[in-house]
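My notes follow in the order I took them.

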Amino acid sequence: MKLRGKVRKIIQEKLSEGKVLHFSLFDPDKVDLESIYSIALKLVESGTNGFLIGGTLGVSKEKLDSIIEILEDFEVPKIIFPSNVNLITEKADAILFMSLLNSDDIYYITGAQLIAAPIIKKLKLESLPTGYIIVGHGGTAAHVGKARVIPYDNIELIVAYSIMAELFGMDFVYLEAGSGAPEPIKPSVISITKKYLENSKIIVGGGIRSEEIAKELALAGADIIVTGNIIEQNLEKALKIVKEISNIRR
Ligand code: 1GP
């Protein structure tokens, strides 16, 4: 929690320098505690700007805590990517305080957040207000979160939800295709959405598996690119993605 209270500022400073950020997602249900340090070291050396820790199924606070403890020495923010209220820990620097805006279930829009709010306050966790919008494949998050998933090419809806997040004052709009999605969000969707946002920053994740697509998304206007599965499936490829993004200047 060394960077607590500084995470938003770190992100803003890098973006204001024309950089695009990369966040590495660790799903506690999938990562192996033995290898996480060496993987994280390679990601940091390649230029990743943050660790998101979270997942939808099979996640325990104990494993979450163990992962953050292992990552403690790295000078990059450790940010909780919560799927529910059981994933709040004082060990993290910050939490994506997310509302699943296109859920049909009020629990995922304001219910879990209501339970989480006093806990986050008490723990003095830095909160990063985020509108979470599930598009396309949607993955497990869409199923569990009862999302009314937006088709990949429905730009009108994606833009409308994104504007809504900005009007609510959310700092981040997370356009999520779902972990392991066969297709990521389209770069053309990002470039159009970007035109409508004055303040909110765009996080894109789900199904990003090549440096080419990551670059296209970054140049289209994504502010933060998230990769998860590829880190476990093909670390060399993941490192190429990180390096590609860290070289981009807009
Ligand atoms: C999922 O956006 C993230 O929440 C990352 O997805 O695992 O497909 O990279 P991947």
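I began with Glu244, which is partly exposed at a relative accessible area of 25%. The model is a predicted one, and I kept that in mind for every entry.

**Entry 1: α8 and α10**

I looked for the partner of Glu244 and found a salt bridge with Lys215, the closest N and O atoms being 3.9 Å apart. This pair links distant parts of the chain, with Glu244 in helix α10 and Lys215 in helix α8, 29 residues apart. Lys215 counts as partly exposed, at 36% relative accessibility.

I then checked the two helices themselves. Helix α8 covers residues 211-220 and helix α10 covers residues 235-246; they pack at an angle of about 30°, with their axes 9 Å apart. Angles under 35 degrees count as roughly parallel, so I noted α8 and α10 as roughly parallel to each other. Their crossing is right-handed.

**Entry 2: α2 and α3**

Helix α2 (residues 36-46) packs against helix α3 (residues 61-71) at an angle of about 50°, and the axes are 9 Å apart. I therefore put α2 and α3 down as oblique to each other. The crossing of α2 and α3 is right-handed.

Lys91 pairs with Glu69, with 3.1 Å between the closest N and O atoms. Glu69 is in helix α3, while Lys91 sits in the loop between β3 (78-80) and β4 (94-100), so the pair links distant parts of the chain, 22 residues apart. I recorded Lys91 as partly exposed at 25% relative accessibility, and Glu69 as partly exposed with a relative accessible area of 48%.

**Entry 3: Lys146**

I stopped at Lys146 for its backbone: phi is positive, about 50°, although the residue is not a glycine. Lys146 is in the loop between α5 (139-144) and α6 (155-167).

Which residue does the side chain of Lys146 meet in a salt bridge? I found Asp105, at 2.9 Å from N to O. The pair links distant parts of the chain, 41 residues apart, with Asp105 in the loop between β4 and α4. Is Asp105 buried or exposed? Asp105 is buried, because its relative accessible area is 18% and the cut-off for buried is under 20%. Lys146, in contrast, is partly exposed at 46%.

**Entry 4: Lys124**

I noted another positive phi at Lys124, about 60°, and this residue is not a glycine either. Lys124 lies in the loop between α4 and β5 (126-134). Its relative accessible area is 64%, so I listed Lys124 as exposed.

I looked for nonpolar surface and found a patch of about 280 Å², made by Leu114, Ile115 and Ile119. Ile119 lies in helix α4 (residues 106-123) and is partly exposed, with a relative accessible area of 34%.

In helix α6 I looked up Met164. Met164 counts as partly exposed at 30% relative accessibility. Met164 and Leu101 are 63 residues apart in sequence, and their C-alpha atoms are 8.9 Å apart in space.

**Entry 5: salt-bridge total**

How many salt bridges does a search of the whole structure find? I got 14. I also wrote down a network of salt bridges that links Arg8, Glu126 and Asp171.

Methods
Residues are numbered from 1 along each chain as its sequence is written. This is a predicted model: local features need pLDDT of at least 70, side-chain atom pairs count only at pLDDT 80 or more; totals for chains, interfaces and linings use all residues. Side-chain values use heavy atoms; hydrogens and water are left out. Patches are made of residues with over 30% relative accessible area and no salt bridge: like charges are joined within 9 Å, nonpolar side chains (Val, Leu, Ile, Met, Phe, Trp, Tyr) within 5 Å. Accessible areas come from the Shrake-Rupley method with a 1.4 Å probe; for residues, only the protein chains shown count as cover. A salt bridge is a side-chain nitrogen of Lys or Arg within 4 Å of a carboxyl oxygen of Asp or Glu. Helices (H or I, at least four residues) and strands (E, at least two) are DSSP runs, numbered from the N terminus. Buried means under 20% relative accessible area, exposed over 50%, partly exposed in between (1.4 Å probe, protein chains only). Axes are lines fitted to C-alpha atoms, for helices over the stretch in contact, and angles run from 0 to 180 degrees between N-to-C directions. Angles under 35 degrees count as roughly parallel, over 145 as roughly antiparallel, 65 to 115 as roughly perpendicular and the rest as oblique. A crossing is left-handed if the near helix is turned anticlockwise from the far one by less than a right angle, and right-handed if clockwise.
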